[in-house]
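Here's a quick briefing on a protein structure. Have a look at the sequence and the model first, then read on.

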Amino acid sequence: MSLILSKKAQEVKPSSTLAITAKAKELRAQGMDVVGFGAGEPDFNTPNHINEAAVQAIHSGFTKYTPASGMSELKEAVCKKFESFNHIHYEANQIVISNGAKHSLTNIFSAILNPLDEVLIPSPYWLSYPEIVKLADGVPVFIRCEKSKDYKITAKQLADAVTEKTKAFILNNPGNPTGALYTKEELEEIAKVAIEKEFYIIADEIYEHLVYTNQPFVSIASLGKEIYERTITCSGVSKSYSMTGWRIGYTGSSKEIARLMGNIQSHQTSNPNSIAQKAAIEALTGEQKSIEQMRQEFDRRRNYMYQKILGIPYISTIIPQGAFYVFVDVSELLSMKYKNETIKTAAQLAKILIEDYQVAVVPCEDFGFDDHIRLSYAISMEQIEKGLDRIASLIGECTH
């Protein structure tokens, strides 16, 4: 008798971003000078005051179980942060602390989806969204967004995509991979659709502190009682505080959804790491200057990358307004030849870059756009300059 492994698990795509990062590390280990634009995490150390809070937790013996959905002191800190920064009021029993924002999203879809429920996902999208939805027995439905609209979904597009099976819509703001930021007016129009058509909005706001324009960041749940009740807000400390490895994410939702997520988490993982929770309290309640210092440095790199790309033929981009990525349109390159070989896909371009120019970029087929690549500016300016010069060199070798 042959034992058949999980079909659901076999259909899960591996992460192309992690694969690119692994390839870059492998080549570096061989002594190659590789520039890695794949980074999905800040290149700064976790601030010292946060580290010290973790060390103190260890020395004081805070190394045991906490409540499964997170310790009350951290939930209160999250509530205060939601109130002051996002202008959303949540009580502690509406908060669930999880093992990173990705785990928070897993909890959300496990709590709200029934088999074959549809989740609307604007494309381009973070590549894990559809996989998380499918693992929760949902059906991802993609809505292609246009470059002319800064890759942002319009309210009309959203309304036109809704069916009787629609359960939720994922709103990533600011967005990965584009860095696009929604205005208050755009969010109000999206909120009207969600209220009228009766579906949940999953507001992934993990990059909320990394915004570079005069346009303020707005949480969609702050726009009124009706949309507040239909929104599950998701964030965490990983990107803003350079705490990716600490694995602390959190959600704000209705009490009923929070209760369901807490129950699910209690059986699947128990509590988030106790030491990391203590560190997260310090991150949210301690001094915040480290956020601004990182934001300013990212802004400097962003401006340099954008201006540099504008000067390179056959590629283009929109100026990112948040996060730390540049979404590069390479469609003009895809009919050109390199060493007498026609470049047909962004994945093929990425392969040439890593093998011949030691530059690791993320091809974006898994993000819904197979003629784009993603470059992260969560790397040093020196690396950015070197990497973009190498990309320009490759393009200089291409012919029609």
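This is a predicted model: local features need pLDDT of at least 70, side-chain atom pairs count only at pLDDT 80 or more; totals for chains, interfaces and linings use all residues.

A residue counts as buried under 20% relative accessible area, as exposed over 50% and as partly exposed in between, with a 1.4 Å probe and protein chains only.

Residues are numbered from 1 along each chain as its sequence is written, and side-chain values use heavy atoms, leaving out hydrogens and water.

**Aromatic pairs**
- The whole structure holds 17 aromatic pairs, where rings of Phe, Tyr and Trp (its six-membered ring) pair if their centres lie within 6.5 Å, and planes under 30 degrees apart count as stacked, over 60 as edge-to-face and the rest as tilted.
- Tyr 207 and Tyr 325 pair edge-to-face, at 5.8 Å centre to centre with 80 degrees between the planes.
- Those two sit 118 residues apart, with Tyr 207 in the loop between S6 and helix H9 (225-230) and Tyr 325 in strand S10 (residues 325-329); helices (H or I, at least four residues) and strands (E, at least two) are DSSP runs, numbered from the N terminus.
- Phe 298 and Tyr 377 also form an edge-to-face pair, 6.3 Å centre to centre and 70 degrees between the planes.
- Here, too, distant parts of the chain are linked: Phe 298 is in helix H12 and Tyr 377 in the loop between strand S15 (372-376) and H14, 79 residues apart.
- Phe 298 is buried at 0% relative accessible area, and Tyr 377 is buried at 0% as well.
- One aromatic cluster takes in Phe 44, Tyr 207, Tyr 212, Phe 298, Phe 324, Tyr 325 and Tyr 377.

**Helix packing**
- Helix H12 (residues 289-310) and helix H14 (residues 381-397) have axes that come within 11 Å and cross at roughly 10 degrees; axes are lines fitted to C-alpha atoms, for helices over the stretch in contact, and angles run from 0 to 180 degrees between N-to-C directions.

**The sheet**
- An open sheet with mixed pairing is built from 7 strands in the order S2-S8-S7-S6-S5-S3-S4; two strands pair if DSSP finds at least two bridges between them.
- Strands S2 (95-98) and S4 (139-144) are at the edges with a single partner strand each, so one side of each has no neighbour in the sheet.
- Strands S5 (residues 166-172) and S6 (residues 200-204) run parallel and are joined by 5 bridges.
- Asn 172 is opposite Asp 204 in S6.
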